[in-house]
Amino acid sequence: MSEQDFKSRIDLEPIKENVEKVRNEVGKVIVGQHEMINLLMVALLADGHVLLEGVPGVAKTMTAKTLARTIGLEFSRIQFTPDLMPSDVLGTSVFNMKNAVFEFRQGPIFANIILIDEINRAPAKTQAALFEVMEEVQVTIDGETYPMSTPFLVMATQNPVEQEGTYRLPEAQLDRFLFKIKVDYPTLENEIDILKSIHESRNILNLEVVEKVLGGDEINKLRQITAEVFVEEHLFDYITKIVYETRNHPSLYLGASPRASISLLKGAKALAVINGRDFVTPEDIQQLTGPVMEHRLILTPEKEMEGITAGEVVKAIVEKIEVPR
């Protein structure tokens, strides 16, 4: 079957048009960081949560806020701190004196787009409060289950260099993030453009210039299109072999779970449509192995002491597995 035959299967024009609109709006505020923005768009189409990791000042929070502003849905920002309690995130039951009953007051997690700033600053009990809502899109309080409205997307930031007052994220929570996106410093040219932009705006960063270009119904339609992307049989084997290899690798104490396989599949389909294809290629899978798997792996103590990184292990595994053609 030719590539042209594949292209006629699904109408990708809605995705192309809307992704371009979002990129244009985000570009009004964010200079450069194209890889981060591209992966955020992939996560949006793949219905997955995102962890943004980078040093302070590389526009992690600003990018998340700007992307959320392009989407005409309810947005909530939660600043995680060491004294934050689960009820501060999920909500709590309050006694109503008028009718003598307890009423549930929703917390800030009840929104469509959630920005959690510095997620690694909250203790384990608050981290655990996110387990159910990130996986099952619902919250259970006092025996009552409260479903979230969809689409539901969590974007969290964390700082990898500050250690005081931070907590390591539980593996069960890390596994619930589709991607961990490492946000690097801007290039020299991009940093010059940032300075010029700040100068021309008289030091005023105005998010009002960012327009809403997507709604909940549009996002759900785009996700339905993404779900229809064609995947050849041998690519299921390819994804499974890559993930399975992490469970038997001598450098790894903990390998990737089946959730990693699902994330690779969903992410590759979204990346394919963003690149104008309605079929997945091995290159789509290879491009996402780092963001999907690095945060899910734990190195053995010996390899950690040697300075080996999870990224290097993932790269070696991908190079080892034969690429299907």
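**Helix packing, spaces and backbone**

Author: In this predicted model, the axes of α11 and helix α12 (residues 258–274) cross at roughly 140 degrees and come within 9 Å.

Reader: How are α11 and α12 oriented to each other, then?

Author: They are oblique, and the reason is the cut-off: only angles over 145 degrees count as roughly antiparallel. At roughly 140 degrees, α11 and α12 are therefore oblique to each other. The crossing of α11 past α12 is right-handed.

Reader: Which residues make the contact between α11 and α12?

Author: From α11, the residues are F236, I239 and V243, and they meet A260, S261, L264 and L265 of α12. By class, this contact of α11 with α12 has six nonpolar residues, one polar residue and no charged residue.

Reader: And α15, at what angle does it pack with α11?

Author: Helix α11 (residues 233–246) packs with helix α15 (residues 310–320) at an angle of about 135 degrees, and their axes are 10 Å apart. That makes α11 oblique to α15. Here α11 passes α15 in a right-handed crossing.

Reader: What residues meet there, on α11 and on α15?

Author: On the α11 side they are Y238, I242, E245 and T246, and on the α15 side I317, V318 and K320. The contact of α11 with α15 divides into four nonpolar, one polar and two charged residues.

Reader: Let us change topic. How many cavities of 30 Å³ or more are there in the whole structure?

Author: The search finds one. The largest cavity holds about 40 Å³ of space.

Reader: What lines the largest cavity?

Author: Its lining consists of M41, L44, L45, L214, I219 and L222. By class, the lining of the largest cavity has six nonpolar residues, with no polar and no charged ones.

Reader: Which element gives the most to that lining?

Author: That is α3, with three residues. Both α3 (34–46) and α10 (216–227) supply at least two residues each to the lining of the largest cavity.

Reader: How does the lining of the largest pocket divide by class?

Author: There are nine nonpolar, eight polar and seven charged residues in the lining of the largest pocket. For the lining of the largest cavity, the division was six nonpolar, no polar and no charged.

Reader: One last topic, the backbone. Which peptide bond is cis?

Author: The bond from T150 to P151 is cis, with omega near 0 degrees. P151 is placed in the loop between β7 (144–147) and β8 (153–158).

Reader: What is the phi of D47?

Author: D47 has a positive phi of about 60 degrees, although it is not a glycine. D47 lies in the loop between α3 and β1 (49–53).

Notes: Residues numbered from 1 in each chain as written. Predicted model: local features only at pLDDT ≥ 70, side-chain atom pairs only at ≥ 80, totals over all residues. Heavy atoms only, no water. Axes fitted to C-alpha atoms, helices over the stretch in contact; angles between N-to-C directions. Helix = DSSP H or I, 4+ residues; strand = E, 2+ residues; numbered from the N terminus. Parallel < 35°, antiparallel > 145°, perpendicular 65-115°, else oblique. Left-handed = near helix turned anticlockwise from the far one by under 90°. Contact = heavy atoms within 4.5 Å. Nonpolar A, V, L, I, M, F, W, Y, C, P; charged D, E, K, R; others polar. 1 Å grid on protein atoms, 1.4 Å probe; cavity = no way out; pocket = protein on both sides within 12 Å on 5 of 7 lines; lining within 4 Å. Points joined across faces, edges and corners; volume = space filled by probe spheres on them.
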